Amino acid sequence: MIQPLGERLRRSVQTVTPAVTTLALILLSVVPLEIPYFTRIMPLLALTAVYYWGVYRPTLMPVVLVFLLGLLQDLIGGGIIGLTALVFVVVRQLSVSQRRVLASNPFVVGWAGFALVAIGAEVFRWAIGCAFFERLLSLAPVATSVALTVSLYPPFAWVFGRIEQRVMGHY
């Protein structure tokens, strides 16, 4: 049966919504701000989306898409090429594997899960950075970035939830 154009358009919007929200956060994270040293402590905004959509709509955030979005973050953000892509894939897989627990419990459980993921992601990125640059890098920017990332998860999750209700409905 052929679907009406409106239904096909609605399904297309639903399908791309997680990718578009993640892409928007990637682009937001590279907007130049006139705040000294902010680039060193920039929160991992897109990580919030990768985690959220991995828990609530994993089929709309396949591994290949998550990898490509992470690669894009590395390319436009000036990071070690492939590092964020690897982190995003691992976070996506972790969130999908634990989605029953994370989605069926109070928000604070999901937030705590995100905090653990964000800490792990940043420590991993820090360790790879130390190896790549062959020197011990300061942990202070990492700690600040983690604190910012974890503290921003609730408002981003709220926005993603509203988007999900509005766009996805009972998809």
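## A pocket lined mostly from helices

Helix 8 supplies five residues to the lining of the second largest pocket, the largest share. This is a predicted model, and the pocket in it has a volume of about 160 Å³. Helix 3, helix 6 (99–104), helix 7 and helix 8 each give at least two residues to that lining.

In total, 16 residues line the second largest pocket, and Tyr52, Tyr56, Phe107, Tyr153 and Ala157 are the ones nearest its centre.

## Aromatic pairs

Let's turn to the rings. Across the whole structure, a search finds eleven aromatic pairs. One of them joins tyrosine 52 and phenylalanine 160: the pair is tilted, with 5.3 Å from centre to centre and 50° between the planes. Because tyrosine 52 sits in helix 3 (residues 45–56) and phenylalanine 160 in helix 8 (residues 140–168), this pair ties together parts that lie 108 residues apart in sequence. Tyrosine 52 is buried, at 5% relative accessibility, and phenylalanine 160 is buried too, at 3%.

Phenylalanine 107 and tyrosine 153 make a stacked pair, because their ring centres are 5.9 Å apart and their planes meet at 10°, under the 30 degrees that stacking requires. This pair also links distant parts of the chain: phenylalanine 107 belongs to helix 7 (residues 107–133) and tyrosine 153 to helix 8, 46 residues apart. How accessible are these two partners, phenylalanine 107 and tyrosine 153? Phenylalanine 107 is partly exposed, with a relative accessible area of 42%, whereas tyrosine 153 is buried at 3% relative accessibility. Both residues also belong to one aromatic cluster, formed by Tyr51, Phe107, Trp111, Phe114 and Tyr153.

In soluble globular proteins, nonpolar side chains tend to be buried together. Here, the largest nonpolar core holds 38 residues, and Leu25, Leu47, Tyr51, Trp53, Val91 and Phe160 touch the most other members. Helix 1 (5–29), helix 3, helix 4 (63–77), helix 5 (83–97), helix 7 and helix 8 each bring at least two residues to this core. Which helix gives the largest share of this core? That is helix 3, with nine residues.

## A closer look at phenylalanine 160

Setting aside neighbours within four places in sequence, phenylalanine 160 is in contact with Thr21, Leu25, Thr48, Ala49, Tyr52 and Trp53.

Methods:
Residues are numbered from 1 along each chain as its sequence is written. This is a predicted model: local features need pLDDT of at least 70, side-chain atom pairs count only at pLDDT 80 or more; totals for chains, interfaces and linings use all residues. Side-chain values use heavy atoms; hydrogens and water are left out. Rings of Phe, Tyr and Trp (its six-membered ring) pair if their centres lie within 6.5 Å; planes under 30 degrees apart count as stacked, over 60 as edge-to-face and the rest as tilted. Helices (H or I, at least four residues) and strands (E, at least two) are DSSP runs, numbered from the N terminus. Buried means under 20% relative accessible area, exposed over 50%, partly exposed in between (1.4 Å probe, protein chains only). On a 1 Å grid over the protein atoms alone, a cavity is a set of points where a 1.4 Å probe fits but cannot get out, and a pocket is an open set with protein on both sides within 12 Å along at least five of seven lines; lining residues have an atom within 4 Å of a point. Grid points are joined across faces, edges and corners, and a volume is the space filled by probe spheres set on the points. A nonpolar core is a set of buried Ala, Val, Leu, Ile, Met, Phe, Trp, Tyr and Cys residues joined through side-chain atoms within 4.5 Å. Contact means heavy atoms within 4.5 Å.
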